[in-house]
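Hi,

Here is the structure I said I would pass on. Have a look at it first, and then read on for what turned up.

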Amino acid sequence: MNRQELMGLFNKRPRIGTLSTANADGDVNVAVFNSPQMIDENTVVMGIGENRTYRNLRENPKAAFIVVEPGKTLMDWKGARVYLEAVDMETGGGFYEQIKENIAKAAGEQAARMIHAAIRFRITEVRPIVDLD
């Protein structure tokens, strides 16, 4: 899947995905997220609460996001594993306010109030949802 196809799948709504993170000790967390957006071929942004995922990313900036689009049969499913590295986490300022505003429009004011940080990720690798490698 090329990056343009990935962007179409990644930003399609409705959709849901999982973000996997690990802390400095390697303790893993997986969480369901709807807010990540791929803004160009190399960048993902999202808003996040003050939670385990946020704490993990502060200790270890590497993460993986899985996005899946169901099909009629299992062989018709589409998806990707998107490997990420957090390059910027803001708890105030313009980027943070923009992310909160976008979440308010998409999910409501209550969801926006839960946002503690805005995160910008660099995409480091993209792999198919099913891969034998």
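One term before the rest: a nonpolar core here is a set of buried Ala, Val, Leu, Ile, Met, Phe, Trp, Tyr and Cys residues joined through side-chain atoms within 4.5 Å. Please also keep in mind that this is a predicted model.

With that term in hand, the largest nonpolar core has 24 residues, and Phe 10, Leu 84 and Phe 121 are the ones touching the most other members. Helix 1 (3–10), strand 2 (28–33), strand 4, helix 2 (52–59), strand 5 (62–69), strand 6 and strand 7 each put at least two residues into this core. Another core of nine residues lies apart from it, and its members include Val 45, Ile 103, Ile 115 and Ala 118.

Which residues does Phe 121 contact, once neighbours within four places in sequence are left aside? The list is Asn 42, Thr 43, Val 44, Met 46, Leu 57, Ala 63, Leu 84, Glu 85, Ala 86 and Val 87.

Next, helix 3. As a reminder, an α-helix has 3.6 residues a turn, so residues three or four places apart point the same way.

The largest pocket holds about 510 Å³ of space. It is lined by 22 residues, and those closest to its centre are Asn 34, Ser 35, Gly 47, Ile 103 and Ala 106. Helix 3 provides the largest share of that lining, seven residues, while strand 3 (37–40) and strand 4 each supply at least two. Sorted by class, the lining has 13 nonpolar, eight polar and one charged residues.

The second largest pocket has a volume of about 220 Å³. Among the residues lining it are Met 1, Trp 77, Lys 78, Arg 127 and Val 130. Strand 6 gives the most to this lining, three residues, and strand 7 supplies at least two. By class, this second lining has eight nonpolar, one polar and two charged residues.

Cheers

Conventions: Residues are numbered from 1 along each chain as its sequence is written. This is a predicted model: local features need pLDDT of at least 70, side-chain atom pairs count only at pLDDT 80 or more; totals for chains, interfaces and linings use all residues. Side-chain values use heavy atoms; hydrogens and water are left out. On a 1 Å grid over the protein atoms alone, a cavity is a set of points where a 1.4 Å probe fits but cannot get out, and a pocket is an open set with protein on both sides within 12 Å along at least five of seven lines; lining residues have an atom within 4 Å of a point. Grid points are joined across faces, edges and corners, and a volume is the space filled by probe spheres set on the points. Helices (H or I, at least four residues) and strands (E, at least two) are DSSP runs, numbered from the N terminus. Ala, Val, Leu, Ile, Met, Phe, Trp, Tyr, Cys and Pro count as nonpolar, Asp, Glu, Lys and Arg as charged, and the others, Gly among them, as polar. Buried means under 20% relative accessible area, exposed over 50%, partly exposed in between (1.4 Å probe, protein chains only). Contact means heavy atoms within 4.5 Å.
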